[in-house]
Every structure is written in structure tokens, then in C-alpha cells.
Amino acid sequence: LVVRGNFGDIPQWLDEGIAGLYEVSSITGDEVRGEPNWRGRVLETLWGEHPSLEAVITSEWFPFDVPDREQADPDSSTTVRVAAHLATARYFALYLQERGKLADVYAAFRDQGLAELTGDVHAHALRLVERTLGQPIAAIDRDFEQWFRQVQRGERGRDATPGETIEKYL
């Protein structure tokens, strides 16, 4: 909700990723940081089903709206896709935070976002992420996978500058 007042038309992966990021967080002074949580186990379990970062970044808003009967079935293919998609978005937000880039990505989408854009918004979104991170999406995806495996093994190292959080951009 805080993002909506500051942002406007935020992409689903960034909105849901940030919301999920703070499901489990720590507070030190005036800094709030997302921490690994239960979605890591979901993503690890569904790794073979998880979407690429390109698919996450270029996804439509709520492409997985499913009827109530499918939501009630935790084993349906749609439910598995939704779980993998949301876990990937959440952990990509954590990855960005740990790399010290979440605030930069947030600002890039807020300032050069999609609301006024004509043309291929999905390609624009992908270019924003690649430009902000300084790498093509394939390299980002490989780094994300390596980082995620380290996090799941408990080898979490922060690259972010202390105090570099998204809150200062809200």
C-alpha cells in the first residue's frame, strides 16, 4: 500500500516481490531488511518448475487467476505455477536487496516505468532491469541461481551497503 501512493503502476513481480520480501524481516535502527523465509523452501522444492527471471519480469498482472476449485487443490499445475512464480519474485527481491540493487531497480521503475509507455512494456521492463544491474538477463538469472543456492545452504553474504534500503525512496 505504501508503494501505491509513491509509485502508481508498479509491475506485479516488483509489487509482490517487495510485499513478500517483508513477510519476514529484521529491524536494525531505522533499517528494515527482508530475510530468507518459507518461500525459499517452496522455490527450492519447485526449482524445476520455477519461471526464468525474464518470465517473471515480463509477466502480466495476475496471469494466474484461477477458479476457487483449483485454488483448493494444492497439487494442481496452476497452483504449483503460482507458488513458483511468487516465490521467485520474492526471492528475486531479496537477491536485489542483498546485491544492493533493490532501491535502484525500484527507482528505475518508478521514474522510467511503464505507466506512460507505449509499445512493448515487457521489453522495456526487461531493459530497465538489465540496465540497472549492468548485465543481460541470462547472466542475472545465472547469478540469481548461484546466490539462491548459497542462501539455501546458509551461506548468505550481504553485498548491500548498510542503510541502502528501499525505504529511503518511498
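Which backbone oxygen does the side chain of H50 reach? I looked, and the H50 side chain gets to the backbone oxygen of W47 at 2.7 Å. I count a polar contact as N or O atoms within 3.5 Å, one able to donate a hydrogen and the other to accept it, with residues adjacent in sequence counting only if both atoms are side-chain atoms.

Ground rules for myself: this is a predicted model, where local features need pLDDT of at least 70, side-chain atom pairs need 80 or more, and totals for chains, interfaces and linings use all residues. Numbering starts from 1 along each chain, and side-chain values use heavy atoms, without hydrogens or water.

More on H50. I find H50 in the loop between α3 (38-45) and α4 (53-57); helices here are DSSP runs of H or I, at least four residues, numbered from the N terminus. H50 is buried at 19% relative accessible area (buried is under 20%, with a 1.4 Å probe and protein chains only). Leaving out residues up to four places away in sequence, H50 touches L43, A84 and T88 (contact: heavy atoms within 4.5 Å).

Next, α6, residues 77-98. I checked its length: 22 residues at 1.5 Å each should span 32 Å, and the end C-alpha atoms sit 31 Å apart, which agrees (expected span is 1.5 Å times one less than the number of residues). Of those 22 residues, 16 are buried, so α6 is largely enclosed by the rest of the structure. Just after α6, I noted a positive phi of about 75° at G100.

Note on methods. Helices (H or I, at least four residues) and strands (E, at least two) are DSSP runs, numbered from the N terminus. Buried means under 20% relative accessible area, exposed over 50%, partly exposed in between (1.4 Å probe, protein chains only).
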